[in-house]
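The sequence and the model are shown first, and a description by topic follows.

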Amino acid sequence: MSDGGLPAVPLLDRDHSILAFHERVLDWAQRDSVPLLERLRFLTIVSSNLDEFFEVRAVNHLTGALANEHKGPYTVGSFEALAKAAHRLVERQYTLYNDALMPAFARQGIAIVSHGERSARQKAWVHAYFEREVRPLLIPQGLDPAHPFPQVANKSLNFIVRLAGKDAFGRENEIAIVKVPRVLPRLIPMPPAVAGKKKQSFVSLSSVIRAHLDILFPGREVGQFSQFRVTRHSELAVGEEEVRNLRTALRLGLQQRHYGQATRLEVSAGCSEHLSTFLLTQFGLPAAALYRVHGPVNLARLQQMIDLVDAPRLLFPPYTPSYPRGLVPGRPIFEQLKKQAVLIHHPYESYDGVTAFLREAVHDPDVLAIKQTIYRTGSDSAMMELLREAVLRGKEVTAVVELKARFDEEANINWAEGLEAVGAQVVYGVVGLKTHAKMLLVTRREGRHLVRYAHLSTGNYNARTARLYTDISQLTADPQLTSDVEQLFVHLASQSRLPRLHQLWIAPFHLHRKLIEHIDLVGMACASGLVGRIVLKMNALTDEPLIEALVRAGQRGVRIDLIVRGACMLPANRPGVTGNIRVRSIVGRFLEHSRVFYFRAGHDEQLYLSSADWMNRNMLRRVELAWPVTDPQLRQRIIDECLVASLHDQRDGWDLQPDGTYRRAKGAEDPHAPGAQEALMQRYAAPPGDAEEAPWT
């Protein structure tokens, strides 16, 4: 990457940057200062993240590896190089699981008891459980020309078995497959009377089946065997221009998702070369795609253990969000918004404020219309039920449903059908673009006028993730801002030309261009002797034109801080090239999710909140929005809580080094070092008048 006379800046690899983020998450599972069940939770999060990486990101690299066998040294973006990095991460996961977490649980009287460790009484109980709950659901399949290798679903648990002797028809077909139904729990608690000295004991489903493989093949001798799991490419590819009904096409696509191209194969560490080679051949995978694991092939399913273990001392102390401080409980929210806009900082402030805004609109007889975007609401959503109630109360309800929200397609289709059934107007955005903007608009009759109220957010309309993700919501009655929101809803429903807007920046129309313009304006101001400052907070930075603009500004003297949780392709701190740019990643108890863009050129300060990360897809292939925070007090609050806090975090911060690696903040080893999230929890837990200044302000 270069721009005229500016020094060239080779970008960091996006996928290696994603894997580096997973390593930062795994670090939480390694910390002795973190409660034990929470350490296990972070381990399962890494496993789930890796699953998604192989479901979404691996296929393009794999296709190249299969088409052209790798020869010579690895290239950074090659499948082999990515697999090598992923193998290192997986090895760290299982080492932590076996050598640290499981022994620590044992010291707490909690154990997953393997077959070899079970007492005679425990083996009898496991056998009875197998016969009663498991065996009736298993149908072993011997392979022969009439019974080819079966369809194996994405991420399902399976066993491969090599048999000696002959089958019932005198044939020596030696390979059999046992598919394990998803309905069976992966972790089974033993009754206290059977568990023995341990306070809580479990057995894994894989060990239960493994111990009884011989029962499944009477008359045959079970030789080699292994559990295995295949991960498949799971992006839904639907050519919107080629289908008449997107919803129907996606329904069909969901049925096929579980059987996409294989991208990874996991087997037991002791799996024989004969069986692993057989499986690689069946799935059409190269050797680099094989992962031998010392434990269950799906660590993500150990999330069940967190739910089953009754030990509050092994969890984070519960945190109860405060009611939004900008709202007065019991007073009409519409009346409060006439006086000033309200910011809600999730999860420190409760999502109840957002729900209360919609509930008030649904129950207010003067509210005529409600419009909302739906991206990830979850399968159980109070807000979607409120929209249904609004229709039944005679209000005009428009829902812009994004059917292609990855891995939420089925829930969104169900909500779309449910809303349509009661008479809501449901639209699916614009062909070829995902609607990722988060906005809710209420139109209310007040005397002889129609007045609009809006909710805009950096995160989804999902009450569950609002307890886990950091996001910023804004409630406003600003007539210019709410008029812009109205125009965007009209555009999404009618697909008519978007008029000139007052305050919103919209992708794919203005957002990309406006961001580059603002970066360049700060750079020109700095070059002319004025103060230039840029601080940006986002989840990913991979868009090359935006990276080029930031490098230009930095080389003009602008001091730039980038708070990028995940993938970042901009190489920071390289003298003479990106020496004025720092990149920091915050990985804490909550998932950092808010997008905040701060620009200062001389005395001019501007701050925008947004639904968009700085990725090419967000700028050019999605409907996104960014909006300004013009109230000086609200703007300063965001600067303090989202930007300054992150830059001064000495516990959960990671700094990108010139060589592309990340290093933990200086105080990271000290559990008492100031952390932004901990300070914000303390601030919002205190009554409004008694809150002390956080240590980073």
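## Terms and the model

Helices and strands are DSSP runs, numbered from the N terminus; a helix (H or I) has at least four residues and a strand (E) at least two. The structure described here is a predicted model.

Tyr469 belongs to strand β17, which covers residues 469-476. The relative accessible area of Tyr469 is 24%, and this residue is therefore classed as partly exposed, since that class lies between the limits of 20% for buried and 50% for exposed.

Apart from neighbours within four places in sequence, the residues in contact with Tyr469 are His346, Pro347, Leu591 and His593. Ser594 is 125 residues away from Tyr469 along the chain, yet the C-alpha atoms of the two are separated by 8.2 Å.

## The sheet of six strands

An open sheet is built from 6 strands, in the order β2-β4-β3-β7-β8-β9, with mixed pairing. Its edge strands, β2 (141-142) and β9 (290-293), each pair on one side only. Strand β2 runs antiparallel to β4 (residues 175-179) and is joined to it by 2 bridges; within this pair, Gly142 has Ala176 of β4 as its bridge partner.

Strand β7 has antiparallel partners in β3 and β8. With β3, the antiparallel pairing of β7 extends over 6 bridges, and Ala164 has Glu221 in β7 as its bridge partner. Between β7 and β8, which also run antiparallel, there are 5 bridges; here the bridge partner of Thr231 is Arg264 in β8.

How far apart are the end C-alpha atoms of α2? They lie 31 Å apart, which agrees with the 30 Å that its 21 residues should span at 1.5 Å a residue. Of those 21 residues, 16 are buried, so α2 is largely enclosed by the rest of the structure.

## The sheet of three strands

Another open sheet has 3 strands in the order β1-β6-β5, and its pairing is mixed. The edge strands β1 and β5 (187-189) each pair on one side only. From one strand to the next, the twist averages 25°.

Strands β1 and β6 pair in the parallel sense, with 3 bridges. Within β6, Gln200 is the residue that stands opposite Ile110.

## The second largest pocket

Rolling a probe the size of a water molecule over the atoms shows where empty space is left. The second largest pocket has a volume of about 1,000 Å³. Its lining consists of 45 residues, of which Ser114, Ser204, Ser207, Gly295 and Pro296 are the closest to the centre.

Which elements give two or more residues to this lining? They are α4 (79-107), β1 (110-112), β6 (200-204), α7 (205-210) and β7. Strand β7 gives the most to the lining, with 5 residues.

Key: Residues are numbered from 1 along each chain as its sequence is written. This is a predicted model: local features need pLDDT of at least 70, side-chain atom pairs count only at pLDDT 80 or more; totals for chains, interfaces and linings use all residues. Side-chain values use heavy atoms; hydrogens and water are left out. Two strands pair if DSSP finds at least two bridges between them. The expected span of a helix is 1.5 Å times one less than its number of residues. Buried means under 20% relative accessible area, exposed over 50%, partly exposed in between (1.4 Å probe, protein chains only). On a 1 Å grid over the protein atoms alone, a cavity is a set of points where a 1.4 Å probe fits but cannot get out, and a pocket is an open set with protein on both sides within 12 Å along at least five of seven lines; lining residues have an atom within 4 Å of a point. Grid points are joined across faces, edges and corners, and a volume is the space filled by probe spheres set on the points. Contact means heavy atoms within 4.5 Å. Axes are lines fitted to C-alpha atoms, for helices over the stretch in contact, and angles run from 0 to 180 degrees between N-to-C directions.
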